[in-house]
Amino acid sequence: HGAVYDREYSNEEVSHLAKFQMVTIEKWYTSCASKKYHQSGPECAVETKIESLFRRMRAHNPKQTTIMYWNSMLDFSFFKAHSEMEALELEGRDSYLRDENGKVVLLCNDHDMYCNVTTFDWTKPWVRQFWVETVYQFI
């Protein structure tokens, strides 16, 4: 379980990772996702970078189990999927958790390393559907 902060894995590192039965890659893989206090936007598309890494590892070890970290509570903006949540909001379909005054709840994560993070509102069926459909893309 981990990732490199400042780049993608080299071919030598991929070959080494492929030796393990299971690998989990963290959300902050690559420099655009690991800006810490200043989150990148959905153009970072860290989930596509992680999937590309998995394909590279599976080329060495097709039986390897790979797990992509995707938080089920926090909607980090450096995931491409964040733009889809934003689109739901723009359609007038409240998709982020809101407080009793209707204001979007913003949280911090990892000892305040990532702040102003929106939160999925699981009470909304379209948010649950979106999340499941997004996860299925990576199975």
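# Report on a predicted protein chain

Helices α3 and α4 cross in a right-handed manner, meaning that the near helix is turned clockwise from the far one by less than a right angle. The model is predicted: local features need pLDDT of at least 70 and side-chain atom pairs pLDDT 80 or more, whereas totals for chains, interfaces and linings use all residues. Residues are numbered from 1 along each chain as its sequence is written, and side-chain values use heavy atoms, without hydrogens or water.

The protein chain contains four helices and five strands, taken as DSSP runs numbered from the N terminus (helices H or I, at least four residues; strands E, at least two). From the N terminus, the order of these elements is α-β-α-β-β-α-β-β-α. The C-alpha trace spans about 50 × 30 × 20 Å along its principal axes. Some of the elements are listed below.

| Element | Position |
|---|---|
| α2 | residues 46–60 |
| β2 | residues 65–68 |
| α3 | residues 81–90 |
| β4 | residues 106–109 |
| α4 | residues 125–136 |

The axes of α3 and α4, which are lines fitted to C-alpha atoms over the stretch in contact, come within 11 Å and cross at roughly 160°, on a scale of 0 to 180 degrees between N-to-C directions. The two helices are therefore roughly antiparallel, a term for angles over 145 degrees. Where they meet (heavy atoms within 4.5 Å), α3 contributes A81, E84, M85 and L88, and α4 contributes W126, V127, F130 and T134. Of these residues, six are nonpolar, one is polar and one is charged. Ala, Val, Leu, Ile, Met, Phe, Trp, Tyr, Cys and Pro count as nonpolar, Asp, Glu, Lys and Arg as charged, and the others as polar.

V105 lies in the loop between α3 and β4. Beyond its neighbours within four places in sequence, V105 is in contact with L97, R98, D99, V117, T118 and T119. Its C-alpha atom is 9.8 Å from that of D121, 16 residues away along the chain.

Notes. Angles under 35 degrees count as roughly parallel, over 145 as roughly antiparallel, 65 to 115 as roughly perpendicular and the rest as oblique.
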